[in-house]
Amino acid sequence: MAASNKPARVVVIGGGLAGLASTMKLAELGATVDLISLTPVKRSHSVCAQGGINSCNDQTRQLGDAEWKHLDDTVYGGDFLNHQPPVKEMAFWAPKVIELMDRLGVPFNRTGEGFIDRRRFGGTLYKRTAFAGATTGQQLLYALDEQVRRREAEGSVNKYEFWDFLGPIQDETGRCRGAVAQNMTTMEIRSFPADAVVVATGGCGLIYGRSTMSVFCTGSAASRCFQAGAKYGNAEFIQVHPTAIPGADKLRLMSESARGEGGRVWVPRTPQDPRAPSDIPEADRYYFLEERYPEYGNLVPRDIATREIFDICVNEGLSVEDDRMCVYLDLTHIPRAELDRKLGGILEIYEKFQGVDPRDEPMKIFPAVHYSMGGLWADYVKSADGGLEAGAPRNHMTNIDGLYAIGECDYHYHGANRLGANSLLSCIFTGLFTGSSIVNYAASQESGADDVPASVLENAVKVEQDRHDNLLQGNPGSDENPYLIHQELGDLMTRVATVVRKNEQLTEAVAKVDELHERAMKVSLADTGAWTNQNVIFAKALQDMFPLAKALLQGALARDECRGAHFKPAFAKPSLTSEDPVERRRQAEEWCDAFEENNRRFLKSSITTYDNATRQVELTYEEVDTTLVPPRPRLYGLVGAEEIEQVWNERAANIANQPDPSQLTSSI
């Protein structure tokens, strides 16, 4: 057995929160880890996370909160497309994760009494979110980086920064036996044999050209696993964050923490009012989120806020500016000292890139592509109490034996829409929780990293070397520019597959993406050098965006409903219109009938596989485990919500009161 002779050897791909948490835990359990990162670890995209990390806590418990309510808020916010056992485990681990990170030295903001301070985030009515100013991701990342450096000094971690993961290595049985990666400086391609490989490479925002994700979040690592046979789940669910500032190179996030600390979103009631915002009186301001969603106000879930901002600008013509769509995010009513203490990080970003001090003048913001709810399909083993069975080797393993997916690049935790401040939690939780599962898997295998046949390693390297060499040699007569193709792809995906989706546009986009994919496979490179060739690295990443883009478009086209971030106006459920109580009740009954029928059709995860021969995806569906929290209508701000909720609760009560047929005794 592998573990009886020597420690497990694991390759972790990605140096963000999930990858570092996994590396730290694996090293703690005695494994030897090769950590491969596209960038210096401390520049991983997790460093850009701003607002905070969720957990039930002593303060919220006094107000009636509990881990179960964190679970409920997460699956309700995700429109019940989340598998519930993983979410339950995450919610119940959350307080322990915060305590661990506090003990590792994360400088969380404190109250005057010395307790960790909390703020509210969207989709919840409790102050669950711990934060370190507005640079929470950076502080968490640095704390984990210190622990990994300690293990590196001890010799149990080998760090490979500026290395690009090219694909998993599989033996003749399909089992993952390691990874192939490329040194981005020397362009060397080599193999990393392993007992298991953990992919923790984040999202795929660059498919949209510009997003709030870092410019190296191409999704190429997940795509290379996808092309190697791994399944991809819920690709169509892409979160568009309601508040960001546009830029020529990327879109810069203005964290939800700004609204969590009291920031207010508004527009002048007069279109393109020429007055300075400070000169516009309250009566002439339209605080549309507060008026439309009085319970949650500016902290409705992100998909709701995004659609409302989009609607205000596009359909109602109330954009602050005539030639650029934007609304005000106003912090000017909050004392400057409090802003600097709690939001200094994002205020500096806005001031740097916009040349305006948001302490004195409201920020101008608009939604931007932000997060991938979908990702590589991953398994789990359900425990007797409805959570996850600790140490089970199948936890977070893809359908490729020995290949694991954690963090943003897996599909488990956020369903159709992610609640703010759940991302940092899911990344750290999955990294920590899967450590024992991976070590147990390695121990169960009869052959380990040292036993991988040389021919398997050599063949895997040869495949990637051939691809690299062919790209450098180019395509005679072709003048296809990878950067221009990427711009076309980004423009197309942003137009048809973000806030609002329409079937006719998606159908056209599927054909256009096929055409762009064919062009991308024939690119001609300006740089054919053998040293630090960024041109060829980008060309590979571009080609590998297309399988995920196709999965996203096909999933969106087939899903004829509105669920979370996926919104098709043609299939939106209407509000109740009648004022007559009898007729209103009838409408509510019809609404619930339609909701039940829609769930029978679409309360399922979309699962795609990729055919390398045809370069097409195949779409299937998977039932979602909703055994802990029964699905119910998501009624934020809907007219008639009270009547619909009453009808739905009556139906749920009737079902609960019906006897279990298996317990009935026959009278015959």
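These exercises cover cysteines and aromatic rings in a predicted model. Local features need pLDDT of at least 70, side-chain atom pairs count only at pLDDT 80 or more, and totals for chains, interfaces and linings use all residues. Residues are numbered from 1 along each chain as its sequence is written, and side-chain values use heavy atoms, with hydrogens and water left out.

**Exercise 1.** Find how many disulfides the whole structure holds.

Solution. Apply the cut-off: a pair of cysteine sulfur atoms within 2.5 Å. The search returns zero disulfides. Check C176: the nearest cysteine sulfur belongs to C225, 7.7 Å away. Then check C225: the nearest cysteine sulfur is that of C409, at 7.6 Å. C176 is buried at 0% relative accessible area (buried is under 20%, exposed over 50%, partly exposed in between, with a 1.4 Å probe and protein chains only). C225 is also buried, at 0%.

**Exercise 2.** Classify the ring pair Y160 and F192.

Solution. Rings of Phe, Tyr and Trp (its six-membered ring) pair if their centres lie within 6.5 Å; planes under 30 degrees apart are stacked, over 60 edge-to-face, the rest tilted. Here the centres are 4.9 Å apart and the planes 75 degrees, giving edge-to-face. Y160 lies in strand 6 (residues 157-161) and F192 in strand 9 (residues 189-193), so the pair ties together parts 32 residues apart in sequence. Strands are DSSP runs of E, at least two residues, numbered from the N terminus.

**Exercise 3.** Classify W591 and F595.

Solution. The centres are 5.8 Å apart and the planes at 15 degrees, so this pair is stacked. Both residues are buried.

Definitions and conventions: Helices (H or I, at least four residues) and strands (E, at least two) are DSSP runs, numbered from the N terminus.
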